[in-house]
Amino acid sequence: MKAISDSFTNLLKKMNISYRIVADSNNDKNTSDLIGITTIKGNSGLTYNIGLAIDDACVSANIFLITDIPKTKYNMTLKLINKINSTYRWITFYISKSNSLTAHIDGVLPIYDCSAGAEICYELMIRLFKTVDETYPMFAKLLHE
């Protein structure tokens, strides 16, 4: 695994955050290390599945399957997504091909400082988590009207 990924997983261990290596770029045919974190529980009561892809110079973090979007609520959900995307500009929400709400954030990593890279990965992960947890009630209200 790359040095930034190693530093990030060490940081997760120190913080007692469970994770698993989904794919290791040293052992698999991937160009990124894929790390799955599944133990972060939000104020909404949901446990979010966060996935991070870390390569030499960037990180991509996603929360998949936040909730399913029924076809009858698709257009209203898109309007809410547009509103939220303009308010929380660092995070992008979208509806996946499987009609699930997904949130995404990217970041650039300093290749010269693994510790700083790990901190950036952590900060982006937490920013993504907090934004999804904060906005989830808006989606829940819309979907249950």
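Is F93 buried or exposed, and what is its relative accessible area? F93 is buried, at 2%, where buried means under 20% relative accessible area, exposed over 50% and partly exposed in between (1.4 Å probe, protein chains only). A few notes follow for your look at the model.

1. Ground rules. This is a predicted model, in which local features need pLDDT of at least 70 and side-chain atom pairs count only at pLDDT 80 or more, while totals for chains, interfaces and linings use all residues. Residues are numbered from 1 along each chain as its sequence is written, and side-chain values use heavy atoms, with hydrogens and water left out.

2. Aromatic pairs. A pair of aromatic rings is described by the distance of the centres and the angle of the planes. Rings of Phe, Tyr and Trp (its six-membered ring) pair if their centres lie within 6.5 Å; planes under 30 degrees apart count as stacked, over 60 as edge-to-face and the rest as tilted. By this rule there are two aromatic pairs. Y48 and F129 make an edge-to-face pair, with 5.7 Å centre to centre and 75° between the planes. This pair links distant parts of the chain, since Y48 is in strand β3 (residues 47-54) and F129 in helix α3 (residues 114-143), 81 residues apart. Helices (H or I, at least four residues) and strands (E, at least two) are DSSP runs, numbered from the N terminus. Both Y48 and F129 are buried.

3. Back to F93. F93 and F139 form a tilted pair, 5.6 Å centre to centre and with 40° between the planes. F93 lies in strand β5 and F139 in helix α3, so the pair ties together parts 46 residues apart in sequence. F139 counts as buried because its relative accessibility is 1%.

4. A charge over a ring. The charged end of R127 sits over the ring of W90, 4.7 Å from its centre. The rule asks for NZ of Lys or CZ of Arg within 6 Å of the ring centre and within 35 degrees of the ring normal.

5. Two backbone spots to check by eye. L65 is not a glycine, yet has a positive phi of about 55°; L65 is found in the loop between β4 (58-63) and α2 (74-87). N99, also not a glycine, has a positive phi of about 60° and lies in the loop between β5 (92-95) and β6 (101-108).

6. Accessibility in the β4–α2 loop. L65 counts as exposed because its relative accessibility is 59%. F64 lies in the loop between β4 and α2, and F64 is partly exposed, with a relative accessible area of 41%.
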